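Please follow this walk through a two-part assembly with the sequence and the coordinates open side by side. The text starts from a few annotated residues and widens from there to whole chains and their contact.

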Amino acid sequence: MPKRTDISSILVIGAGPIIIGQACEFDYSGTQAVKALKGEGYRVILVNSNPATIMTDPELADATYIEPITPDVVARIIEKERPDAVLPTMGGQTALNTALALAKDGTLDRLGVKLIGADAHAIEKAEDRLKFRDAMDKIGLESPRSGVAHTLEEALRELEHVGLPAIIRPSFTMGGTGGGIAYNRDEFIRIVLGGLEASPTTEVLIEESVLGWKEYEMEVVRDTADNAIIICSIENIDPMGTHTGDSIAVAPALTLTDKEYQIMRNASIAVLREIGVETGGSNVQFAVNPADGRLVVIEMNPRVSRSSALASKATGFPIAKVAALLAVGYTLDEIRNDITGVTPASFEPTIDYVVTKIPRFAFEKFKGADTTLGTSMKSVGEVMAIGRNIHESLQKALRGLETGLTGLDEPEGLANASKGEILAALGKRVPDRLLIAAHALRVGIVPSEVCRVSHYDPWFVERLAELIAAEQQVRDNGLPTDAQGFRALKAMGFSDARLAKLTDIPEANVRAKRHKLGVRPVMKRIDTCGAEFEALTPYMYSTYGGTECEAEPSDRTKVVILGGGPNRIGQGIEFDYCCCHAAFALGPVEKGGAGFETVMVNCNPETVSTDYDTSDRLYFEPLTAEDVLELLHIEQKNGNLLGVIVQFGGQTPLKLARPLEAAGIPILGTSPDAIDLAEDRERFAALVERLGLKQPAGGIARSRDEAVAVAERIGYPVLMRPSYVLGGRAMEIVETTANLETYIETAVKVSGDSPVLIDRYLRDAIEVDVDALCDGDTVHVAGVMQHIEEAGVHSGDSACSLPPYSLPDTIVAEIKRQADVLARALSVRGLMNVQFAVKDGEVYLIEVNPRASRTVPFVAKAQGRPYAKIASRIMAGEKLASFELEPRGKGHISVKEAVFPFARFPGSDPVLSPEMKSTGEVMGIDSDFAMAFAKSQLGAGTVLPMEGRVFISVKDSDKPLILDAARGLEAMGFELVATRGTAKWLGEQGVAVETINKVLEGQPHIVDAVTDGRIALVFNTTEGVQSLKDSETIRTVAWARKVPIFTTAAASVASVKAIAALKARAIEVKPLQAHHACS
Amino acid sequence: MADDPSARQQSGATGVVVLADGTLFWGHGAGAEGDAVGELCFNTAMTGYQEVMTDPSYAGQIITFTFPHIGNVGANAEDIEGVNPYALGCVMAEPITAPSSFRSDKPFDQWLADWGRIGVTGVDTRAITRRIRKLGAPNAVIAHNKDGLFDIDALVAKAAGWSGLEGLDLAKEVSSTQTWVWDECPWKLGEGYQPGDLPADAPHVVAVDYGIKRAILRQLVDAGARVTVVPAIASFDEIMALNPDGLFLSNGPGDPAATGVYAVPTIQKWLATKKPLFGICLGHQLLGIAIGAKTVKMHQGHRGANHPVKQLSDGKVEITSMNHGFTVDADTLPANARATHISLFDQTLCGLELTDQMAFSVQHHPEASPGPQDSYYLFRRFVEGLR
């Protein structure tokens, strides 16, 4: 069927900020969709509040709305743009829920807009637990016994026939938020109450537990002619009970006979037909009883998903792109398979390798949070690896995680554990369970026992046992001395680093011995077809399990871009954005690039950078020195390697700069030495002094005693952090020597190799972020961002305003001057980020990073200039003078706000600190700061109240700051309540305020009021360990009850301005292109 | 390269694949010891290795499995398509693992040995597949000796001396020699195979066994037919004596032209009766020859479980299992025949029907096993046509 001609413009809804359960996979799918639809000549309108996405690049869609994704705002966009259709299947649960709300409230009908990809009926049938179960009954597919409840009473009734343990799943939530597994009645009641709260429809499904069953996902694509194909089967090594996003998974399914597989295939397609997904990709999840093969359907998602991104990368079949084309009427046989160029998309990819996905967690950021995995997703990113066998695939994934693993390293804390203790640890669903299983085998626990306790399928445990046996061989006999033996070991995926550990010799020596024997990897292609057809697209992975190399490096001049690896807090989509921009800027001339051959290296399946369409060549490889050097060795066999870009992917590639340089690989842009200078405390201090700039007093300590001495010299409070970190891992403000000692003992390892940095903490200073470009001679300051939260809150967690909303021009000018001086002093070639603190009219330099920063995409979107692209071309040798740099568009102000996963981590204090905790960001853009801030809050999911009671409890130093805000609230008709101290002070200033008890003062207290829904907004600022502890429940309860809460005075004040703006006028929407064109 | 397979024998190698041009792929032997000569082909299915090995259509062939892990679910007594493995052996990337499946009876390695079939593991199977793609399916010897003793020159000579599949009538060799009744239904989880419960007046299909897969027989029963299987060489009169309502021409190995020598006249006589006929794979090719079309040997053949086939009548695409090295040339179809299905991979003919009577055939394997079951409707269409 040809494409639809009854529609000419399409609104694509994005997924909004990166949150747990919804990460860059939706930028990958959305970008593919926008490109595909544009390519078909449709006018594409896009809404996404996330500025760090490729999809919101202004040249991609025809109209790009960086606006909050709420039904109300999207309705305004539809009214303004009047698209013919809305595509809701590319933006995760956010887009689906928004579209469904607009369908239900009649907006779509009223404005004559069709839903394409999935209609409201299908969305509802798939997402509504009861309707879904009925649908499965109808087509004769079993689902776990279950019942739906809207109240606790109903839930307890359902429990009678479902039985314990029971799974509780709230309806219409993403990533299983608010769900859980209950083993007893108390747990059941607690989880049901939380689940009802989390569900927008106050509905939970109570379900029979199929804990320990094998878990599978099938990625299905269907077209309007009812052609349905399976793109990929995925088998979770972690059995049922662990959220699929938190499970280690392999593709394809490895423990099914064809007869069982075909049952699952038929069931998957039947599910799509019954749910009514007429076009596009969906995934269907199954549980299979390992004892008898009984299969039950768990759920389906009528949209592209995290697993469809994984399936796309695992097979080379671009599900989102194809789904977008199917949504506008094409059938599968009319779409070409890009990889082969000769076959159609209507086939089922077959693979001749094994893919492993391992999630990455960030529990270290959330002290007190429960690390047990369950039905609510907790991981923040994932790594994918490809190998010719499960061993190689698994071990590549482990080292690609970048959590310090070189393979199946011994898990922490079990070195001297007894077998009983190890088995007890293995019984828990925790992030490093696979390592515990391997360790159990290492200490002699038999595979069958490991299977019994973990419910891992024996096939996987046997493979682990083979790896452990091979490790033992190496420990006993040392490295093989013949090529064949060494190759066999490498074919099991052992890294040089792991072999170095096992033999207790330096990694460099392992590598040297290996090279001497001529044992090097070959490259194989990911071709969708098991080599049946020729692959046109150079999408490759390395393996030692083969003799024939298919890399075929070209004779062109090439630039290699190293990506950022798995998403984590502090290093996410922003860096992938920069890597993609490097590929675009330096790639084909016909696409506007500089004409180099671009070679991307990354191992994160969620990203745009690992789309085979982004660069000329793609290596899906772990970002370790070994893996990168081997592929560079192959690339250098032909053509000319201009250099490697290590400054765009965050800390991951930066760490490789030294080993690459040592191997004689040219590094593009700012020299590794300059990067090191900026990171090296002592060298940097000397530079700052030479330039006549000011830094907060500080010092470096290599032992506990040194740390105490430094802190006492500069005076408390001090800011502590380990050197070489991104995302402020283990950063803390320390008030006393006792606190300092606790920090040294628990948070970091202090030694000569890993010193601790100690700085004077500038209380209540305004923090400023600067992104600048430099070509070695000339500097351009791209953006000066004023943080809303004061210095001390991690810059990644602060909201910020571009341009600054309250800094005097003289200060901004001084900041620019300092950035200029620094960039030239460091001979920066490319991007540089500087953080300043302004206190009492003085500008202090906090830190410099001569590399791409988290704010680069935000600045590019705000200023309308592609700074990452320009920086890439400078790195490749061009000068700043050849680019247009001045910001485009006048009259708008952009606010960036961070988004936090606190709701996922009950037990950890939802307070901002020097340790970064946000997973993503949104941008609010409008004509004034107040409205831009209001939009940023809405985009981040904070619905500011228009009336009600506001609770205020602030530390003494914040009291003067909060006064105007309190007055403003009073004037707008809000009631104010405060704890004794704050109430007294506000009362003295003539503000009418009611007093309420602190928790310690006895009930009824503030937590009761928040719990009962009597508080609409919370301002709570604290300082000091004790008051933080005392007020933690207020913050926790506010987060749990979704009551907006601000934990800094500056943000509280801004929120009041935002409320005033929202009361004064309706939200107006405007595309980025119009903002940029405004003069 | 120190371990270039063609340079010298790899130390510790206990298995080898020897191509007629002298190319060697060293590995580790699995299954039975010995050597066998045949055509080296590949199969890209990710499941169903046991069904593939027992498919009589693979007689005379050595199968390179492109998926690296083979043997992961072991072997059982149910997942077999013929009385024994017909493929001569198989080439695999990875060692055969112990099975993990509640359905497994024994390790795949043991199963191969029990049936006297040779395996070689540890081979760059992707390199073989790419070679076949570029150069076509070579004649080859697969050999396993647990002491690693191979007379390579003799093995090369054996591969080079083999005449190849072209002109070989393998169907006769794999066909049953007796006439027998089939009444078993398709496999069901938890039930296995159960006898069909068909009324005495159910339509009667005579299936000519050129190397028939059991899944075909089961599908015919499931569609409501009583089935009698006759040998490949059964004469027209012998078939008619069974009073069939319809004739089924099965899949099978070898060169259709060779089998056609005796099969085609029988088919032509049947067509003259105007009674319904359905053919699969070799049966499709034989029907083609019987109506005057030509068959040609393909460059690399189609062997996998992911092949898209388009029904020309309504444009619907079905994903199919395929295993064929010959194809009916669509340009040579007579006036009273038309193409019904084509391969979307290379546009080759995948189905034909006569316009003046109910006789149709498909090149792919609608019975699946292994592979997708999108094409079961063909069995229903055939059996419906007999009522």
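In this predicted model, the unreviewed UniProt entry places the feature "active site" at Cys281(B), His365(B) and Glu367(B). These residues are spread over 87 residues of sequence, yet they cluster in space, with a largest C-alpha distance of 10.9 Å. Cys281(B) can be found in the loop that connects β12 (277-280) to α9 (282-290) of chain B.

Taken along the principal axes, the box filled by the C-alpha atoms of chain B is roughly 65 × 45 × 40 Å.

The domain assignment divides chain B into domain 1 (15-161) and domain 2 (171-384), and the C-alpha centres of domain 1 of chain B and domain 2 of chain B are 27 Å apart. How many residues of domain 1 of chain B are in contact with domain 2 of chain B? There are 23 of them, and they meet 27 residues of domain 2 of chain B. On the side of domain 1 of chain B that touches domain 2 of chain B, at least two residues each are supplied by β3 (34-43), α1 (49-54) and α3 (125-135) of chain B, and β3(B) gives the most, with three residues. By class, the residues on this side of domain 1 of chain B are 10 nonpolar, eight polar and five charged.

The UniProt record, again an unreviewed entry, also places the feature "domain: Carbamoyl-phosphate synthase small subunit N-terminal" at residues 13-143 of chain B. In the model, this span of chain B is 18% helix and 31% strand, and its end C-alpha atoms lie 11 Å apart.

A barrel can be traced in chain B, where seven strands close in the order β1-β2-β6-β5-β4-β3-β7 with mixed pairing, and the twist from one strand to the next averages 35°. One pairing to look at is that of strand β1 (residues 15-19) of chain B with strand β2 (residues 24-31) of chain B, which run antiparallel and are joined by four bridges. Within this pair, Val18(B) has Leu24(B) of β2(B) standing opposite. Helix α4 (residues 152-161) of chain B lies across β1, β2, β3 and β7 (139-144) of chain B, and runs at about 145° to β7(B).

The C-alpha trace of chain A spans about 80 × 70 × 65 Å along its principal axes.

Chain A includes an open sheet of six strands, in the order β17-β18-β21-β20-β19-β22, and the pairing in this sheet is mixed. Its edge strands are β17 (522-525) and β22 (640-645) of chain A, each of which pairs on one side only, while neighbouring strands of the sheet are turned by 25° against each other on average, direction ignored. Within the sheet, strand β20 (residues 597-602) of chain A pairs in the parallel sense with strand β21 (residues 617-620) of chain A over four bridges, and Val599(A) has Arg617(A) in β21(A) as its bridge partner.

Elsewhere in the annotation of chain A, the unreviewed UniProt entry assigns "domain: MGS-like" to residues 942-1079. This stretch of chain A is 48% helix and 12% strand, and its end C-alpha atoms are 32 Å apart.

The last step is to bring the chains together. The contact takes 52 residues from chain A and 50 residues from chain B. Which elements give two or more residues to the side of chain A that touches chain B? They are α9 (258-275), α16 (458-477) and α17 (483-491) of chain A, and α9(A) gives the most, with seven residues. The side of chain A that touches chain B is made up of 21 nonpolar, 16 polar and 15 charged residues.

Methods. Residues numbered from 1 in each chain as written. Chains lettered and ligands numbered in written order. Predicted model: local features only at pLDDT ≥ 70, side-chain atom pairs only at ≥ 80, totals over all residues. Pairing = 2+ DSSP bridges. Axes fitted to C-alpha atoms, helices over the stretch in contact; angles between N-to-C directions. Contact = placed C-beta atoms within 7 Å. Nonpolar A, V, L, I, M, F, W, Y, C, P; charged D, E, K, R; others polar. Domains from an automatic or database assignment. UniProt positions renumbered as here; feature names shortened; annotations may be inferred.
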